Amino acid sequence: MTTPASVAEVNVKAAREHFAAESAHDAQRTLATLADDIMYRVVASGEIVHGKAAVAKYYDVWWTAFPDVTIEIKRLVAAGEWVICENVATATHLGNWLGIPPTGKRVVQNLCAVLRFRDGLMIEETVYYDQLERIRQLGSVFTLDGRPLKIPTGPVITTS
């Protein structure tokens with residue numbers, strides 16, 4: 001006799017399917033992992049979208065800007081309705097993104113996704129990543145009060 005999967009096991013399977021569907025750029029398959037009342041939040045941009053239709057539009061913009069994006073799960077932990085994933089997204093900038101025209105540059109983005117599930121479907125996703133890291137990799141020039149800013153490209157080491 002088999003025992004039913006725990007809620008956490010069901011949610012881990014759903015999270016893995018969600019990121020696999022995103023990496024396949026399969027809108028129908030990705031949306032199938034979401035509840036109708038999904039809430040999607042990107043902390044770096046302050047963007048919050050509600051419902052499958054709005055999330056579908058978000059994916060369309062993202063996949064147009066980065067049509068070859070793949071997401072690799074590095075670490076995953078689950079507890080009840082929550083799944084937390086440390087991921088690396090790799091993509092080539094081939095479409096307009098945040099007003100930045102395509103650069104053809106490859107970007108590697110470290111991110112953390114906090115997911116919440118109900119009945120095996122995602123009802124909430126909050127994504128944390130360093131937007132400056134992505135923009136820097138695209139080669140954008142930053143200014144402050146008309147002055148160019150030098151953005152560090154490697155680890156900053158300080159001595160005390």
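**Reading strand E5**

User: Which residue in E6 is the bridge partner of Arg 116?

Analyst: That's Glu 124. Strands (E, at least two residues) and helices (H or I, at least four) are DSSP runs, numbered from the N terminus, and two strands pair if DSSP finds at least two bridges between them. Here, E5 (residues 106–118) and E6 (residues 121–129) pair in the antiparallel sense over eight bridges.

By the way, this is a predicted model, where local features need pLDDT of at least 70 and side-chain atom pairs count only at pLDDT 80 or more, while totals for chains, interfaces and linings use all residues. Numbering starts from 1 along each chain as its sequence is written, and side-chain values use heavy atoms, leaving out hydrogens and water.

User: What lies between E5 and E6 in the hairpin?

Analyst: Two residues, and Asp 119 in that turn has a positive phi of about 55 degrees. E5 also runs antiparallel to E4 (residues 82–92), joined by 11 bridges, with Ala 89 opposite Gln 109.

User: How many salt bridges does a search of the whole structure find?

Analyst: Look for a side-chain nitrogen of Lys or Arg within 4 Å of a carboxyl oxygen of Asp or Glu. The search finds eight. In one of them, Glu 81 meets Arg 116 (3.5 Å, N to O). Glu 81 sits in the loop between E3 (70–79) and E4, 35 residues from Arg 116. Shared partners join Glu 81, Arg 116 and Glu 124 into one network.

User: Is Arg 118 buried, partly exposed or exposed?

Analyst: Buried means under 20% relative accessible area, exposed over 50%, partly exposed in between (1.4 Å probe, protein chains only). Arg 118, at 38%, is partly exposed. Its side chain forms a salt bridge with Asp 37 (2.8 Å, N to O). Asp 37 lies in E1 (residues 34–42), so the pair ties together parts 81 residues apart in sequence.
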